[in-house]
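Please keep the structure at hand while reading.

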Amino acid sequence: MENRRRRVPAMAPEERRAALIEATIPLLHEHGLEVSTRQIASAAGVAEGTIFGVFESKSQLVVCSVIKALDPQPDLDALAAIDRAAPLRERVIAAAELVHKRFLERAHLMHAARKLIMVGEQDPETVARMAANRAKIGTAVADVFAPDAARLRVTPDRAAHLLLMFCGANTFGPYGEPDSFSGADLASLLLDGIHIRETEQAC
């Protein structure tokens, strides 16, 4: 512990900020917004006062940590990797399962982000950044639908919105069943609907 603390002054402020954020993220998964600065300092191997040398408050550190934890880039990369030459249904299933997994794994952090950032902090820059991240995910999902846009009754953007809305409701809504989620069921709902067509009845 003494050796680690002797190295603290050698770290630049941005390096120290990054290190504290990395130490905070696992604690947010475990304790949520109730995480204390003492727990953060212990995990980072620094004195508690070190936190306030680079962050104005615990709240600012938590906000930065939530934003970092919800970085959409890995999901954007995964959505971009879906084979656009594959059949539409296969692409939609893959996108639905990826989005559902993202929501399920980060549900408590998303709730914390909404509570802390959208309701509590009201920091315009942070709110704008979170909104931009949501828009990026929406655009990436829309791009999965885009190769078959001519075959859809709605735009790819609208199709993406419906997919994200369903995944969100399944994760956060009172009637959601996250453990029994099926990408195939959602793809069928979006692409086929639940109404039996007359041609199917005739068969």
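## Helix α10

In this predicted model, the buried residues of α10 are P156, A159, A160, L163, L164, C167, G168, N170 and T171. Viewed down the axis of α10, these buried residues fall within an arc of 165 degrees, so they line one face of the helix.

Helix α10 covers residues 156-172.

The model contains seven salt bridges. In one of them, the side chains of D75 and R102 meet at 2.6 Å, N to O. Because D75 belongs to helix α6 (residues 73-80) and R102 to helix α7 (residues 88-105), the pair ties together parts that are 27 residues apart in sequence.

Both partners are buried: D75 has a relative accessible area of 9%, and R102 has a relative accessibility of 10%. A network of salt bridges links D75, R102 and R106.

D143 pairs with R84, their closest N and O atoms lying 2.9 Å apart. Since D143 is in helix α9 (residues 124-145) and R84 is in the loop between α6 and α7, this bridge ties together parts that are 59 residues apart in sequence. D143 is partly exposed, at 40% relative accessible area; R84 is also partly exposed, at 24%.

A further salt bridge joins R151 to D148, with 2.8 Å between the closest N and O atoms. Here R151 is exposed, at 62% relative accessibility, whereas D148 is buried, at 12%.

Key:
Residues are numbered from 1 along each chain as its sequence is written. This is a predicted model: local features need pLDDT of at least 70, side-chain atom pairs count only at pLDDT 80 or more; totals for chains, interfaces and linings use all residues. Side-chain values use heavy atoms; hydrogens and water are left out. Helices (H or I, at least four residues) and strands (E, at least two) are DSSP runs, numbered from the N terminus. The expected span of a helix is 1.5 Å times one less than its number of residues. Buried means under 20% relative accessible area, exposed over 50%, partly exposed in between (1.4 Å probe, protein chains only). The arc is that of the directions from the helix axis to the C-beta atoms. A salt bridge is a side-chain nitrogen of Lys or Arg within 4 Å of a carboxyl oxygen of Asp or Glu.
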